[in-house]
Amino acid sequence: MSSSDPLDISLVPKGLLELNFSALAQEFNTPLFIYDEDELRRRCREYTANFPTVVYAGKAFLCKAMVQLIAEEGLSLDCATGGELHVALTAGMPASRIVFHGNNKSLAELSMAVDAGVGHVVVDSFDEIERLGAIAVEQKKVVPVLVRVTPGVEAHTHEFIETGTEISKFGFTISEGVAINALNRVHENPSLYLRGVHCHIGSQIYRLDAFSRAINRLAELALAARNQYGIIFSILNLGGGLGARYLSEDPQISITAYSQVLHDSVATAWGASDLGDIPAIMVEPGRSIAAPSAITLYRVGTIKEIPGVGTYVAVDGGMSDNPRPVLYGSGYEAYLPERVHENRPFACSVVGKHCEQGDIIVADAQLPAKVQPGDLLATPTTGAYGYSMASNYNMVPRPAVLFASNGEVRCVLRRETPEDLTRLDG
Ligand code: LLP
């Protein structure tokens, strides 16, 4: 593709190509997150067709409507904090379908999770095994547990979101016998019910061989656990991590292809070690469900040409609704949704309205010629880790979020108002 080609429309879910964007901007204002609800559901279904248990990672994007969609589609939910747990329970998610995560869960969070009766607590440290055991005794319950382990493999992604290497702050390393000690500690505790292991090697992963290498390490651990302590894993939670396609040149890896690699790798590794029955495989996708299902709609405010430097196209959002370019140097496409099929010969940088030079949304954008102040501009693939990492920096109210289905939209999160910005003041 040449750089002036139109947007590759396969980056935008079908249900978001033909909406009346100016009417939506009029009614809901901009910036605006718009999800294709049918695409969200389609992605959930592709996951549930491929795995017995699919645990949506709420950190990617969570609100009551999203919890309800996940519950309706038969998925479980990964909550990583008391706050996520609160939203999940408030929205009616059955506690038994919640997997509770976190590398530093507070006593209050652990008690809340045990009290609610979450399906699994994923333990992350020796301190936590003790604490959870004590809470279980106090509440007279036996808590189902997965032990989070780090396999010591690289995932070929940004270092900030790589979690399976030896330097990870998460879980118990398999090397030096740490993970097996943790497994035995849980196994010996009558108030904890060891169900298996959890392993999340990172996020935005395109190289599927990284998952296979992690699975091989898990099989070694399973063998050692069985031989030393008679521990059998009933569940193998392989975390999330499947990469989403942000740019037209990025690879498109289907959920089904990813599933095939995971299932084949587990079968091969378990077979080679003569481990007997294969445990039930759980996955925890966040990004690969949410990211490709949404776009962000902005309005262009000013266009500034700097001689000898280039052109800045400034929109009415920025790092407060999408901090990913600043945090990880992430790339996005930009397009004018009302002129989606036009060539994009105009090279520019799409920037936000915040008080930082680093407040860039798309550093190397291509847009149709004659983009003007007042035009609507969109970025695709913004459904994960955008709204969920949004802030009120510069006292910018958080955008509204719409779910579109069959050409109809509903507002699932209203835009914050100026009053919301002072509601916490004492
Ligand atoms: N399970 C666990 C334990 C996780 O920590 C995560 C993501 C997931 C599942 C879901 O991973 P996914 O399928 O979404 O890759 N803010 C970063 C991403 C951080 C990911 C954190 N953990 C970003 O914007 O790229």
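Analyst: Let's start with Cys-411, which counts as partly exposed because its relative accessibility is 38%. Keep in mind that this is a predicted model. Cys-348, on the other hand, has a relative accessibility of 6%, so it counts as buried. What about disulfides? A search of the whole structure turns up zero of them. Cys-411 is in none, and the nearest cysteine sulfur, which belongs to Cys-63, is 9.7 Å away. A disulfide would need the two sulfur atoms within 2.5 Å.

Now for the ligand. You'll find it sitting in the largest pocket. Around it are 20 residues, and the closest are Ser-203, Glu-284, Arg-287, Arg-324 and Tyr-385. Sort that shell by class and you get six nonpolar, eight polar and six charged residues.

Glu-284, one of the closest residues, has a polar side-chain atom 2.6 Å from a nitrogen atom of the ligand. Arg-287, also among the closest, places a polar side-chain atom 2.8 Å from a ligand oxygen atom. Lys-59 has a polar side-chain atom too, and this one lies 3.3 Å from an oxygen atom of the ligand.

Notes: Residues are numbered from 1 along each chain as its sequence is written. This is a predicted model: local features need pLDDT of at least 70, side-chain atom pairs count only at pLDDT 80 or more; totals for chains, interfaces and linings use all residues. Side-chain values use heavy atoms; hydrogens and water are left out. Buried means under 20% relative accessible area, exposed over 50%, partly exposed in between (1.4 Å probe, protein chains only). A residue is near a molecule or strand if one of its heavy atoms lies within 4 Å of it. A polar contact is a pair of N or O atoms within 3.5 Å; within protein, one must be able to donate a hydrogen and the other to accept it, and residues adjacent in sequence count only if both atoms are side-chain atoms. On a 1 Å grid over the protein atoms alone, a cavity is a set of points where a 1.4 Å probe fits but cannot get out, and a pocket is an open set with protein on both sides within 12 Å along at least five of seven lines; lining residues have an atom within 4 Å of a point. A molecule sits in a cavity or pocket if more than half of its atoms lie within 2 Å of its grid points. Ala, Val, Leu, Ile, Met, Phe, Trp, Tyr, Cys and Pro count as nonpolar, Asp, Glu, Lys and Arg as charged, and the others, Gly among them, as polar.
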